[in-house]
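This briefing is intended for a reader who is meeting the structure for the first time. Please consult the sequence and the model alongside the points that follow.

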Amino acid sequence: MIVALQKSGSTIDISSDSAKLVTNSWCRRTRFFRLSCRMESARPMENQLDALQSIFTEFYYWVTVVIMFLIHVGFCLYEVGVSREKNKLNTLMKNAMLIPVITFAFFFVGWWLYFAFQNGPGITGGLISASQAEPWDELMGTHLGGPGDVTGLDETGAKERTKANEGWARINGVFWAAFLLFSWTTGSILSGAVIERIRSGAFWLLAILVGSITWIIGAAWGWSEFGWMVKKLGYHDAYASCIVHGLAGFSALAILIHLGPRIGRFREDGTPRVIPPHNTWMVIVGLFIIYTGFWGFYAACNIPIWEITPREGASGVATWSATTIYFTQTTLSAITFNLLMALTAGMLTGYMISQGDPFWTFSGGLGGIITASAGNDLYHPYQAFFIAVIGVWCAYKLHYWVERKFKIDDAVGAVAVHGYCGSIGAVLAGFMLWGYPSSPHEGFARITPWGQLAGFLILSIGLGFVPCYILTGLLKKYGILRIPQEVELAGLDHDLVVEESAQKMELAAAEREALQHVSGA
Amino acid sequence: MWESILGSVILASVPVKDWRVDAETFGPVYPWIGTEFWMFAACLVFCIYFMIWKFISEHKKYDARARELNSDNGLSDALAIHAPEDITKRKSRETDRE
């Protein structure tokens, strides 16, 4: 049997006679990388390809993490800009400190949940062993991959070893970080909605719940190679419309219901007052930076280079491709087309529907991307465009309806842009991609509208809304959710403002004194 | 004596004795291999302490500030700092000056 490896138009033939299956502990540890059990050739060419694949993947995720960091920078700018002068530093610290808070929780438990919970557990199997993600495992530290198992002796009598933990040793940290940055994003989505009245401690606890527990369980179920929702429901959400955005947006909605609006947000007749941002430029620049970070977000949702091996019924040709998290093939070219067309449609729709309001124009761009994300690995750019139009239009209408009807004060429109757009996008993908296989593996359900609808209910409502509603209710019950009314009125940075004005007055007095000396001289 | 005892304990935990051996033999290379669980436990305790400290200190801070704002004219003074100046009043003042 000849395995043909096609790359850049040239074909390299590798005889499978000289190949052997590597049964190393890296592969045994988890099924996620079981496809990476390479046909190991004695030829150095293949070893170099393996090395290139491994190091390229490592570097690729490392770069995506750097780009995704911009999402958090953008969220901080955006939120601080939206807040009033009297609350700006508190708003900044509340959001910035979710970085360390979510990071430790994600290191301790979140990463393990992703691998261990793919079967539910209890739906398609039990808890999966995922020792490489346990917070006390050697592979969660500086590790060079060895020593492998001894497989025999070579001609010179030296021990031959498998590659052991080489894969996880190279990929664990960067892959963990890519997921962690999604976690920060979920926390930031909550953060913007609740500004100027939530206690930071309560917010960080909620951020841990969403950023390190609920969203990552959702990802294990519906955004992994063997997740039970993929198997049973054919759930497809390639760039995390619902898994990140829908879930976090509905989590924010649950918190807002208990938290209540900012003082003065609604008139006595129930109509909303506008609370103007203290710095519109920061808001807009923040949104532009979030757009930039989304390139990293999209890239991080892919597996950058993967050997697509011959499958049953295929001609026996292997190739290399980028894949989605489900190991279905896609290209960076495809997602670039679709991301930009969805952004375009979102901005146009936001501009049109709001009569040129900057907030809705830029938020519309983001909402457009989020709506189309579920199927952007497969859509045509025109499809991504019109899906984005529908998502942003619906989100805009829903936002104002919910605001007026239920007196929900979402300071940055997070529920609309993330919650509604993400959820609508996941459901629309069910209609657009109806009948597509959800996975390269046999026996997995195909993509259907009801599978996607069930996915929305499980993710946005079951994992997003319900847990946050319960925890926020408890925090409210014990009086540790919202800041006292007097402090809210005076402003969270009141002490600082008073201190600053005293310093300015002292400085002005000193300058006047200096001026008298100068004039006297 | 203490120096030699401490030195031998630390040296015993060093996983890399020589870099000039086959690369495939290197696994974890950080010091104190085998103590990962205890390091995890210490880190967990620190992080839980941080969260508890935050809840308690925040509660105290807001209680004190609310009391302060409720005393005398605390709240009205505080609101006056942030209240935007009424443009119509400013204009009328300017007209009066003219």
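A:M341 counts as buried, because 24 C-beta neighbours lie inside 10 Å; a residue is called buried if 20 or more other C-beta atoms, placed from the backbone, lie within 10 Å of its own, exposed if 12 or fewer, and partly exposed in between. The model is a predicted one, in which local features need pLDDT of at least 70 and side-chain atom pairs count only at pLDDT 80 or more, while totals for chains, interfaces and linings use all residues. Residues are numbered from 1 along each chain as its sequence is written, and chains are lettered from A and ligands numbered from 1 in the order in which they are written.

**Surroundings of A:M341**

- A:M341 belongs to helix α10 (residues 332-353) of chain A; helices (H or I, at least four residues) and strands (E, at least two) are DSSP runs, numbered from the N terminus.
- Once neighbours within four places in sequence are left aside, A:M341 is in contact with A:P381, A:A384 and A:F385, where contact means that the C-beta atoms of two residues, placed from the backbone, lie within 7 Å.
- A:M341 and A:F385 are 44 residues apart in sequence, and their C-alpha atoms are 5.3 Å apart in space.

**Nonpolar cores**

- A nonpolar core is a set of buried Ala, Val, Leu, Ile, Met, Phe, Trp, Tyr and Cys residues joined through C-beta atoms within 7 Å.
- The largest core has 145 residues, of which A:L190, A:L206, A:A207, A:A252 and A:A342 touch the most other members.
- Helix α6 (residues 200-222) of chain A gives the largest share of this core, 15 residues.
- Another core, of 6 residues, lies apart from it and includes A:I483, A:V487, A:A490 and B:L69.
- Beyond its neighbours within four places in sequence, A:A252 is in contact with A:I189, A:L190, A:A193, A:A414, A:V415 and A:G419.

**Helix α5(A) against helix α6(A)**

- Two packed helices are described by the angle between their axes and the distance between the axes.
- The axes of helix α5 (residues 166-193) of chain A and α6(A) come within 9 Å and cross at roughly 135°; axes are lines fitted to C-alpha atoms, for helices over the stretch in contact, and angles run from 0 to 180 degrees between N-to-C directions.
- That angle makes α5(A) oblique to α6(A); angles under 35 degrees count as roughly parallel, over 145 as roughly antiparallel, 65 to 115 as roughly perpendicular and the rest as oblique.
- The crossing of α5(A) past α6(A) is right-handed; a crossing is left-handed if the near helix is turned anticlockwise from the far one by less than a right angle, and right-handed if clockwise.
- On the α5(A) side, the residues that meet α6(A) include A:W184, A:G187 and A:L190, and their counterparts in α6(A) include A:L206, A:A207 and A:W215.
- The residues of this contact of α5(A) with α6(A) divide into 8 nonpolar, 6 polar and no charged; Ala, Val, Leu, Ile, Met, Phe, Trp, Tyr, Cys and Pro count as nonpolar, Asp, Glu, Lys and Arg as charged, and the others, Gly among them, as polar.

**Helix α13(A) against helix α14(A)**

- The axes of α13(A) and helix α14 (residues 449-477) of chain A come within 6 Å and cross at roughly 155°.
- That makes α13(A) roughly antiparallel to α14(A).
- The crossing of α13(A) past α14(A) is right-handed.
- Among the residues that make the contact are A:G419, A:S423 and A:F431 of α13(A), with A:P449, A:L453 and A:S460 of α14(A).
- The contact of α13(A) with α14(A) has 7 nonpolar, 7 polar and no charged residues.

**Backbone features**

- Most residues other than glycine have a negative phi, and most peptide bonds are trans.
- A:G120 and A:P121 are joined by a cis peptide bond, with omega about -5°, and A:P121 is in the loop between α4 (98-116) and β5 (150-153) of chain A.
- A:A240, a residue other than glycine, has a positive phi near 65°.
- A:A240 lies in the loop between α7 (228-233) and α8 (241-259) of chain A and is buried, with 31 other C-beta atoms within 10 Å.
- A:K407 is not a glycine, yet its phi is positive, about 55°.
- A:K407 is found in the loop between α12 (381-406) and α13 (414-432) of chain A and counts as partly exposed, with 15 C-beta neighbours inside 10 Å.

- Chain B has 4 helices and 0 strands.
- Of its 98 residues, 4% count as buried.
- The contact takes 27 residues from chain B and 29 residues from chain A.
- α2(B) gives the largest share of the side of chain B that touches chain A, 15 residues.
- That side of chain B has 17 nonpolar, 5 polar and 5 charged residues.
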